[in-house]
Amino acid sequence: MPSFHELGLSEDIVRAVSEQGYTSPTPIQQQAIPAVIQGGDLLAGAQTGTGKTAGFTLPVLQRLLSQPNGPSDKTSRRPIRVLVLTPTRELAAQVQESVALYSKYLPLNSGVIFGGVGINPQIKLLKQGVDVLVATPGRLLDHHQQGTIDLRHIEILILDEADRMLDMGFIHDIKKVLAILPPKRQNLLFSATFSDDIKALADRLLNSPAMIEVARRNSTVEVIAQKIHPVDRDKKHPLLAHLIKSQQWSQVLVFTRTKHGANRLVEQLGKESITAMAIHGNKSQSARTKALSEFKDGSLSVLVATDIAARGIDIDQLPHVVNYDLPNVPEDYVHRIGRTGRAGASGEAVSLVCVDEFKLLADIEKFIKRQIPQEIIDGFIPDPNAKAQPIQLRSFEGRNHPGNGQRKARPAGSNKAQAAKAPTRHETAGRPQQPKPRNSNLLGGKSAGPRRSGSRGNG
Ligand code: AMP
């Protein structure tokens with residue numbers, strides 16, 4: 001395996017990387033670093049957790065270094081040379097943190113702009129100028145409209161988590177940004193999935209790109225211990241409280257399907273003397289940042305999040321992830337459990353599954369090509385006669401969250417193979433018997449749900 005140095009990175013970059021404790025490049029880094037240093041466009045298939053951020057940041061810094069075009073110190077005024085677009089504020093902040101870490105020993109600086117916070121400090125930052133700017137699309141356009149940003153010197157554009165940006169309705173914003181940028185530039189597109197929309201975007205954006213793809217997360221889920229606890233719908237919160245207490249979990253990320261569900265769970269846990277905080281789209285940016293930093297530094301042990309809010313949360317070796325509700329889209333299950341067991345560390349992902357969710361469970365198991373072991377916890381034996389109720393989708397976060405019909409058509413009846421599988425040891429209590437067909441729009445065609453266009457929801 002080549003070292004970071006052998007991939008073409010200079011001493012000062014390698015030093016910063018070594019200080020992070022990285023001993024060798026991950027597969028995406030092995031491929032992306034030399035490709036980007038060469039200067040061509042890149043189409044990369046990689047999910048969070050693969051080391052993709054360093055995969056584009058390190059070679060981009062290397063390029064800036066080899067073609068100096070600005071002051072040779074960190075503080076003087078400078079043109080923006082690299083623009084990284086991300087779908088969410090959290091991801092933007094994390095990417096910029098990484099850029100700052102990796103450029104620690106370089107005469108380069110970076111900054112981040114996103115919506116939901118005051119614009120004035122950003123205007124000041126932009127006046128000063130940064131070499132690398134990380135931004136969410138909406139706020140970037142706000143600055144452009146106000147004339148507070150100069151994008152004429154962009155040499156490299158990176159779209160990070162491009163699939164999520166499209167899912168979140170940012171395509172129009174992205175097109176507007178592309179129209180503003182200088183036409184001669186290097187373009188890097190990172191996406192976990194390749195829908196037709198992503199391919200169309202790639203066609204439009206990239207010139208003869210190098211293409212790389214690393215193993216999808218669903219083939220690397222092996223490192224994560226997964227478990228299902230079948231439980232009655234109304235026993236989920238006592239069960240979660242029981243697990244947290246009896247197993248002394250000190251850092252657990254809990255996923256709920258809705259914002260309302262996240263808030264309610266925080267309250268319910270509070271009644272059991274467990275302090276939790278929620279992060280989701282209705283929370284102010286400062287509340288989200290506070291919850292996240294307390295969770296990261298260990299002073300908050302339970303963080304409850306919706307899929308979109310949790311997107312990009314980067315916590316090394318998060319020991320426990322709980323699916324309080326199963327996600328609607330199997331890919332989200334993989335994204336969620338990928339929060340644990342990152343970069344080779346082992347972790348545990350536990351799902352509390354009630355009768356309403358058997359169909360979702362079957363879809364997930366089909367997607368990850370394995371059955372997840374089930375364990376019934378004493379005192380929480382589910383009622384074998386319980387009837388499934390349709391899952392409430394009204395208050396899903398994000399008007400066009402993938403669960404609302406934007407992503408991944410799945411053929412009807414795709415669970416037949418699953419239904420035919422041998423029963424597991426808790427068959428009676430836990431396994432799907434007759435999954436009720438749900439509104440086909442939920443998982444399929446593009447007709448469901450209003451599409452957000454030109455939205456500034458997260459930017
Ligand atoms: P990402 O896919 O960019 O979200 O990165 C996932 C995690 O892997 C982050 O916590 C990084 O700090 C970590 N990471 C990135 N590159 C390496 C590496 N070469 N060795 C070990 N950990 C890494």
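Contact here means heavy atoms within 4.5 Å. The model is a predicted one, so to speak of local features requires pLDDT of at least 70, side-chain atom pairs count only at pLDDT 80 or more, and totals for chains, interfaces and linings use all residues. Residues are numbered from 1 along each chain as its sequence is written, and side-chain values use heavy atoms, with hydrogens and water left out.

A nonpolar core is a set of buried Ala, Val, Leu, Ile, Met, Phe, Trp, Tyr and Cys residues joined through side-chain atoms within 4.5 Å; buried means under 20% relative accessible area, with a 1.4 Å probe and protein chains only.

Zooming out, the protein chain has 17 helices and 13 strands, taken as DSSP runs numbered from the N terminus (helices H or I, at least four residues; strands E, at least two). Of its 459 residues, 57% are buried. Among contacts with a separation of 6 or more, 79% link residues 24 or more positions apart. The chain exposes about 19100 Å², of which carbon and sulfur atoms supply 52%; the areas come from the Shrake-Rupley method with a 1.4 Å probe.

Then there is the sheet. Six strands line up in the order S8-S13-S12-S9-S11-S10, forming an open sheet with parallel pairing, where two strands pair if DSSP finds at least two bridges between them. Strand S8 (224-230) and strand S10 (276-279) sit at the edges with a single partner strand each, so one side of each has no neighbour in the sheet. Neighbouring strands are turned by 20° against each other on average, direction ignored. S10 runs parallel to strand S11 (residues 302-305) and is joined to S11 by four bridges; Met-277 stands opposite Leu-303 in S11. Helix H10 (residues 236-246) lies across S8, strand S9 (252-255), S11, strand S12 (320-323) and strand S13 (347-353), running at about 155° to S13. Axes are lines fitted to C-alpha atoms, for helices over the stretch in contact, and angles run from 0 to 180 degrees between N-to-C directions.

Definitions and conventions: Buried < 20%, exposed > 50% of the residue type's maximum accessible area, 1.4 Å probe, protein only.
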